[in-house]
Amino acid sequence: MASAPQSGGRDTTPFHPPKRLLDALSDAPEGSVRDWLEALPETVDQLLDAWELTPERVVTPGGRRGLVTLVRQADGTPAALKLPVPGPDAERERAALAHWDGWGAARLLRADPDTGALLIERLSSAVSVRSLPEAKALLEAAGTVRRLWVPPPEEHPFGSVAERTGEGHDAMLPLPTGGWAADARPLAEEAAQLRTELLAGPPETVLLHGDFRQGKVLAGERSPWLAVGPSPLVGERAYDLAQLVLDRCEDLAAGPGPAAAARRRVAKLADSLDVDRDRLRGWTLYRAVATGLHHAAAGHRSRAELLLEFANWL
């Protein structure tokens with residue numbers, strides 16, 4: 001990828017999209033995503049000039065859904081310039097950050113409707129709650145996610161938990177015969193049934209982060225811990241909290257009595273956030289199985305086995 005061109009007399013540094021992003025988009029068909037990737041150097045340079053930003057460095061390894069460059073604003077204030085991969089997810093992230101307005105999440109400072117670019121309050125990407133001891137990390141993460149659960153705007157672009165889980169639901173069953181699939185079949189059937197039961201009642205409707213885990217809670221100056229990188233949707237809090245239950249499940253697997261420890265984690269998080277234990281247990285099992293089967297299909301056998309084992313503990 002070429003370097004960003006010189007513009008307006010401002011010094012520029014070589015621009016290289018992170019390998020993780022390039023790998024994630026390597027199979028993208030010809031079209032808007034490919035065009036977006038090819039245009040990234042020029043787009044970044046234009047935004048730096050238009051918003052009077054001084055670039056520092058591209059965040060690596062970065063994410064798979066966009067590029068983040070650390071910058072300084074004209075007054076020297078640090079910020080992060082994010083260019084999400086084109087698509088509805090980019091608009092949903094912008095809408096969620098704008099609605100939270102810094103409450104529990106990094107504050108959106110500026111947005112460009114043409115490129116989808118977001119200028120966001122800079123947090124310490126090197127310091128997340130995952131760096132804390134487990135008990136403290138869960139406490140801080142729970143306190144952060146609680147603030148994100150607010151009523152959504154009256155008109156919003158967010159999908160629902162039913163829609164999000166429906167996207168991968170059909171892939172859970174039927175499973176292929178033999179091998180690991182035979183062992184996973186009872187869990188997959190239980191997870192599918194749980195989803196049906198959990199979605200049967202009147203839904204709770206709050207704005208959810210959608211991908212909440214310890215690594216998404218970073219240290220800040222305005223507030224000790226703030227969330228980043230939402231994949232927002234609306235639905236019940238237990239769905240959002242389930243991902244936090246699954247976080248660092250390898251630590252539980254390595255310790256004594258992992259099944260009891262997993263159930264205690266469900267109970268502790270549910271009680272601390274006034275979430276129904278049974279619903280949290282149900283969504284955790286569903287998300288463990290769905291994610292585990294996704295990893296298995298992608299050939300990530302060890303991760304898949306760990307998540308399916310976690311579901312068994314519940």
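I started at A270, which touches L241, V275, D276, R277 and L280 once residues up to four places away in sequence are set aside. This is a predicted model, so I keep that in mind for every entry below. A270 sits in helix α9, residues 258-272. I looked up its accessibility next: A270 has a relative accessible area of 0%, so I put it down as buried. I also checked A270 against R281, and the two are 11 residues apart in sequence, with 9.0 Å between their C-alpha atoms.

**H209**

Next I went to H209, in the loop that runs between β7 (206-208) and β8 (217-219). Is H209 buried or exposed? I found a relative accessible area of 0%, and because the cut-off for buried is under 20%, H209 goes down as buried. What lies 2.8 Å from a polar atom of the H209 side chain? I traced this to the backbone oxygen of V228. V228 also turns up in the contact list of H209, next to A227, G229, P230, S231 and P232.

**T69**

I then moved to strand β2, residues 66-72, where T69 is found. T69 comes out at 5% relative accessibility, so I count T69 as buried too. Leaving out neighbours within four places in sequence, I listed P55, R57 and V58 as contacts of T69, along with A79, A80 and L81.

**Whole chain**

I finished with the totals. The protein chain has 11 helices and 10 strands. Why do I call the radius of gyration of 21 Å in agreement with a compact globule? Because a compact globule of 314 residues would have a value near 20 Å. For the extent, I got a box of roughly 65 × 40 × 40 Å around the C-alpha atoms, along the principal axes.

Of the 314 residues, 48% are buried. I looked at contacts with a sequence separation of 6 or more, and 69% of them join residues 24 or more positions apart. The accessible surface comes to about 15,200 Å², and carbon and sulfur atoms hold 52% of that. Last, I checked the charges: there are 36 positive and 44 negative ones in the protein chain, and their mean positions are 6 Å apart.

Terms used:
Residues are numbered from 1 along each chain as its sequence is written. This is a predicted model: local features need pLDDT of at least 70, side-chain atom pairs count only at pLDDT 80 or more; totals for chains, interfaces and linings use all residues. Side-chain values use heavy atoms; hydrogens and water are left out. Helices (H or I, at least four residues) and strands (E, at least two) are DSSP runs, numbered from the N terminus. The radius of gyration is taken over C-alpha atoms; the globule rule is 2.2 Å times the number of residues to the power 0.38. Buried means under 20% relative accessible area, exposed over 50%, partly exposed in between (1.4 Å probe, protein chains only). Contact means heavy atoms within 4.5 Å. Accessible areas come from the Shrake-Rupley method with a 1.4 Å probe; for residues, only the protein chains shown count as cover. Lys and Arg count as positive and Asp and Glu as negative; His and the chain ends are not counted. The place of a charge is taken as NZ of Lys, CZ of Arg, CG of Asp or CD of Glu. A polar contact is a pair of N or O atoms within 3.5 Å; within protein, one must be able to donate a hydrogen and the other to accept it, and residues adjacent in sequence count only if both atoms are side-chain atoms.
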